[in-house]
Amino acid sequence: MSLGKRIAFLGAGNMAEALVKGLLRAGVAEPREIVCSDRNEARGPELKQRYGVEFTRSNREAVERCELVVLSVKPQVMNKLLAEIAPVLDDKKLVISIAAGVPIEAIERKLGHGVRIVRTMPNTPALVGAGATALSAGEHATEADLAQARALFDAIGKTAVVDEGLLDAVTGLSGSGPAYIFLIIEALSDAGVKVGLPRATAQELAAQTVLGSAKLLIDTGEHPGRLKDQVTSPGGTAIAGLHTLEAGGLRTTLMDAVEAATRRSRELGEKFLEKDD
Ligand SMILES: NC(=O)C1=CN([C@@H]2O[C@H](COP(=O)(O)OP(=O)(O)OC[C@H]3O[C@@H](n4cnc5c(N)ncnc54)[C@H](O)[C@@H]3O)[C@@H](O)[C@H]2O)C=CC1
Ligand SMILES: O=C(O)[C@@H]1CCC=N1
């Protein structure tokens, strides 16, 4: 059922579109309750045609028409956006940021103190109702604000409330994680082709194996190591494959990747704080 709130998306790119589609799919918002704004005019007809949502090139107009305001531009243009919308934002509106790295304090400073902010880090599988989002409330956001923001993201996947200091780590793991997993699926598909499978079959088997393994882990609550052991017969095929992955340093590589992305999220935040234009 619709939450009965009008939601503005300021910056209607990839992540905003994933959220819009996920929210409509879940039925928590009606198309007429969603107002997207983007400086790229071409997004208007695309989004209207795909989802029937409202579109404007004016960020201010989108803010004025909505109770919930989602900040969904890149961190690099956030300061400009905040300066533009500050005059039309008051404490009656709830601001939800999805931007990597941008600290709540910096948004509060730009928008004026007292503004109610929930900072989040979603991911693109929200588009199909399988997102993973972490949320953190700003100083002036109430319990009800956090619950409201959480209800939006609960409709399109799983949520967790964390301290703001952990959001860079979330960005490194689940925010950026779909990119790692798509790379892995692409690599497994290539591998399937290398050992003789047709491309389409290889990709279908690779994707279903990732989906099925995640579902098995979540549904059973088993430790991943135990589930791995169940695939691994003595002297069999899986242990031969695992040996090669260990020799190639897959675990370390994944840890390094999450660490690098976390670091980058922190850097984006620091740059944002330095650049107060
Ligand atoms: N793509 C992803 O997987 C995720 C992205 N995010 C965050 O979401 C935000 C958006 O990322 P994407 O959607 O990937 O980027 P994107 O580049 O696809 O979308 C950004 C949109 O903002 C528009 N834009 C730029 N300046 C604007 C302005 N002044 N006013 C209005 N619109 C403006 C651009 O035309 C573009 O359509 C970023 O802050 C990113 O950190 C968070 C989680 C995951
Ligand atoms: O690459 C990025 O900056 C965004 C944030 C999380 C995923 N993509």
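Q: In which helix is Met15 found?
A: Met15 belongs to helix H1, which covers residues 14–26; a helix here is a DSSP run of H or I with at least four residues and a strand is a run of E with at least two, both numbered from the N terminus. The model is predicted, and local features need pLDDT of at least 70, side-chain atom pairs count only at pLDDT 80 or more, and totals for chains, interfaces and linings use all residues. Residues are numbered from 1 along each chain as its sequence is written, while chains are lettered from A and ligands numbered from 1 in the order in which they are written.

Q: Why is Met15 called buried?
A: Met15 has 23 other C-beta atoms within 10 Å, and a residue is buried if that number is 20 or more (exposed if 12 or fewer, partly exposed in between, with C-beta atoms placed from the backbone), so Met15 counts as buried.

Q: What makes Leu10 buried?
A: Leu10 has 27 C-beta neighbours inside 10 Å and therefore counts as buried. This residue is found in strand S1, which runs over residues 7–10.

Q: Which residues is Met15 in contact with, leaving aside neighbours within four places in sequence?
A: Met15 is in contact with Ser72, Ile98, Pro122 and Thr124, where a contact is a pair whose C-beta atoms, placed from the backbone, lie within 7 Å. With neighbours within four places again left aside, the contacts of Leu10 include Ser72, Val70, Leu71 and Ile85.

Q: Which residues does the UniProt annotation "binding site" cover?
A: According to the unreviewed UniProt entry, "binding site" covers Leu10, Gly11, Ala12, Gly13, Asn14 and Met15; such positions follow the numbering used here, feature names are shortened, and annotations may be inferred rather than shown by experiment.

Q: Why are strands S3 and S8 said to stand at the edges?
A: The open sheet has 8 strands in the order S3-S2-S1-S4-S5-S6-S7-S8, with mixed pairing, where two strands pair if DSSP finds at least two bridges between them. Strand S3 (54–56) and strand S8 (157–161) each have a single partner strand, so one side of each is left without a neighbour in the sheet. Direction ignored, neighbouring strands of this sheet are turned by 25° against each other on average.

Q: What makes strands S4 and S5 a pair?
A: Strand S4 (residues 68–71) and strand S5 (residues 94–97) are joined over 4 bridges in the parallel sense, and in S5 the bridge partner of Leu71 is Ser97. Helix H2 (residues 43–51) packs on the sheet, touching strand S2 (34–37) and S3, and its direction makes about 175° with that of S3; axes are lines fitted to C-alpha atoms, for helices over the stretch in contact, and angles run from 0 to 180 degrees between N-to-C directions.

Q: Which residues of helix H4 meet helix H5?
A: Asn79, Leu82 and Ala83 in H4 meet Ile107, Lys110 and Leu111 in H5. The axes of H4 (residues 78–85) and H5 (residues 104–111) come within 9 Å and cross at roughly 35°.

Q: How many helices and strands does the chain have?
A: The chain comes to 12 helices and 8 strands, and buried residues make up 36% of its 277 residues.

Terms used: Two residues are in contact if their C-beta atoms, placed from the backbone, lie within 7 Å.
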